[in-house]
Amino acid sequence: IPVKIWDDSKEASMHIAQSIALAIRQKQQDGEHIVLGLATGSSPIKVYQELVRMHKKEGLSFKNVITFNLDEYYPITPEAQQSYVRFMNEHLFDHVDIIKENVHIPDGTVPIESVKKYCDQYEKLIDDYGGIDIQLLGIGRTGHIGFNEPGSWENSQTRLVRLDNMTRTDATKDFGREEDVPYRAITMGIATIMKARSVYLMAWGHHKAPIVQKAVEGDINSSIPASYLQQHKNVRFILDKAAAQELT
Ligand code: F6R
């Protein structure tokens, strides 16, 4: 896997935002839309900040941008403090000129009996838009990408999953109490992510160093879902020094 190590996450994030902005502008010139696959969590926050800055100060428009978020807790309402709908609005969508109809985030309120159908439609909608051009990813300490926890198959698609205990523990900082963290989530699958034409995985900080090492240098198998990315033709791991420190 090509790895790029930056002094800090700010610098790295600015670089990613610039690449995204360039791609958006190129598609605009050709009169085409661009499909972005987006992540939540702490890792992409500075990328979104920089994109918002470019919108406000450099006239970067999101009118031709279609977005698909990776995942959402299940069940959760969009109004909940911890929902990924709220996260995306606060960090990006409320501050740029994206067309609301072009924003797609898995719906944490779909009745359980319709979830399978809903997930299949989400998957199909991505295909109908021509697939994801640029996919942003973080990585969980379990090795998850999206919420594809250990045990996720390479051919998995958008679906309802059970969250790993470590992931629920890590999410307790957002929910306050562990028992309030949802047990499940809707997530794009490994296959959905692998179909993206280009992928940026971001990892910042010492706590990510062991899992980054396994994902980049370890065997490819379902116990470390991020290791599947070793087979992607156009993926980059963007790391700060701390997250890269266990690479050999
Ligand atoms: C979020 C997502 C997750 C996170 C991962 C890392 O949409 O899909 O895979 O990217 O849990 O989270 P942070 O960035 O908060 O360390």
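**View 1. Arg 236 is found in strand S10 (residues 235-240)**. The model is a predicted one, in which local features need pLDDT of at least 70 and side-chain atom pairs count only at pLDDT 80 or more, whereas totals for chains, interfaces and linings use all residues. Residues are numbered from 1 along each chain as its sequence is written. Helices (H or I, at least four residues) and strands (E, at least two) are DSSP runs, numbered from the N terminus. Leaving aside residues up to four places away in sequence, Arg 236 touches Pro 2, Lys 4 and Tyr 200, contact being a distance within 7 Å between C-beta atoms placed from the backbone. The C-alpha atoms of Arg 236 and Tyr 200 are separated by 5.1 Å, although the two residues are 36 residues apart along the chain.

**View 2. Helix H7 (residues 209-217) has Ile 211, Val 212, Ala 215 and Val 216 as buried residues**. Seen down the axis of H7, these buried residues fall within an arc of 125 degrees, so they line one face of the helix; the arc is that of the directions from the helix axis to the C-beta atoms. The buried residues of H7 pack against strand S1 (3-6), strand S9 (198-203) and S10.

**View 3. In helix H3 (residues 84-91), the residues Tyr 84, Val 85, Phe 87 and Met 88 are buried**. They cover an arc of only 165 degrees around the axis, which puts them on the same side of H3. The elements covering the buried residues of H3 include strand S2 (34-38), strand S3 (65-69) and S4.

**View 4. Three strands, in the order S4-S8-S7, form an open sheet with antiparallel pairing**. Strand S4 (71-74) and strand S7 (159-162) are the edge strands, each pairing on one side only, where pairing requires that DSSP finds at least two bridges between two strands. S4 and strand S8 (residues 184-187) pair in the antiparallel sense over four bridges, and Glu 72 stands opposite Ile 186 in S8.

**View 5. Around the ligand are 14 residues, of which Gly 41, Ser 42, Ser 43, Gly 138 and Gly 140 come nearest**. A residue is near a molecule if its C-beta atom, placed from the backbone, lies within 6 Å of it.

Technical notes. Two residues are in contact if their C-beta atoms, placed from the backbone, lie within 7 Å. A residue is buried if 20 or more other C-beta atoms lie within 10 Å of its own, exposed if 12 or fewer, and partly exposed in between; C-beta atoms are placed from the backbone.
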